[in-house]
Amino acid sequence: RRTQLVSVLQELLRSICRYQGPDGRWYQVVDKVGKAGNWPENSCTCLFAAALYKAVRKGYLDQEYLMAADRGFDGVVRSLTSEEGDLLLGGVCIGTGVGDYPFYCARPVHTNDLHGMGAFLLMCTEKERLRRSDTGSSCRP
């Protein structure tokens with residue numbers, strides 16, 4: 001059922017690109033960009049960008065989707081801060097659970113949360129793997 005799974009992946013990633021925020025990141029409540037109380041969330045942005053990079057590298061998506069991946073990457077990198085030489089990744093929801101819109105928007109935000117940092121490392125790894133692959137050799141730097 002690999003073909004079916006690849007088709008689902010393609011549909012999901014193409015669809016998610018429609019909800020990318022103006023600074024390149026995706027929001028805590030993905031389909032409510034710009035709605036009061038909603039905010040750009042870095043861990044989902046990292047995971048979406050990583051998935052886009054990998055899908056292009058594997059040939060599941062056309063290279064045009066690198067623009068969305070790069071916008072997500074750049075949005076996360078622009079949001080990074082530093083303190084005493086340490087890199088800080090903020091804007092990460094520490095957990096979700098199930099609730100309504102106000103519940104999701106009010107979720108606590110953490111800096112250097114482990115799942116956020118893990119997602120950041122996955123995004124950076126996939127970007128680098130694409131850059132080193134034959135698929136990525138013709139991509140813009």
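Start with the outward side of α5. The face turned away from its buried side carries exposed residues: Leu114, Leu121 and Arg132. Exposed means over 50% relative accessible area, buried under 20%, and partly exposed in between, with a 1.4 Å probe and protein chains only.

A word on the source. This is a predicted model, where local features need pLDDT of at least 70, side-chain atom pairs count only at pLDDT 80 or more, and totals for chains, interfaces and linings use all residues. Residues are numbered from 1 along each chain as its sequence is written, and side-chain values use heavy atoms, with hydrogens and water left out.

Back to α5. Helices are DSSP runs of H or I, at least four residues, and strands are runs of E, at least two, numbered from the N terminus. In α5, the buried residues are Gly116, Ala119, Phe120, Met123, Glu126 and Leu130. Down the helix axis they fall within an arc of 130°, so they line one face. That arc is taken from the directions from the axis to the C-beta atoms. What covers them? The cover includes α2 (42-57), α3 (66-79), β2 (86-88) and β3 (92-93), with contact meaning heavy atoms within 4.5 Å.

Now the cysteines. A disulfide is a pair of cysteine sulfur atoms within 2.5 Å. By that rule, the count is zero. For Cys17, the nearest cysteine sulfur is that of Cys44, 13 Å away. Cys93 has its closest cysteine sulfur in Cys44 too, at 9.4 Å, too far for a bond. Cys17 is buried at 18% relative accessible area. Cys93 is buried at 4%.
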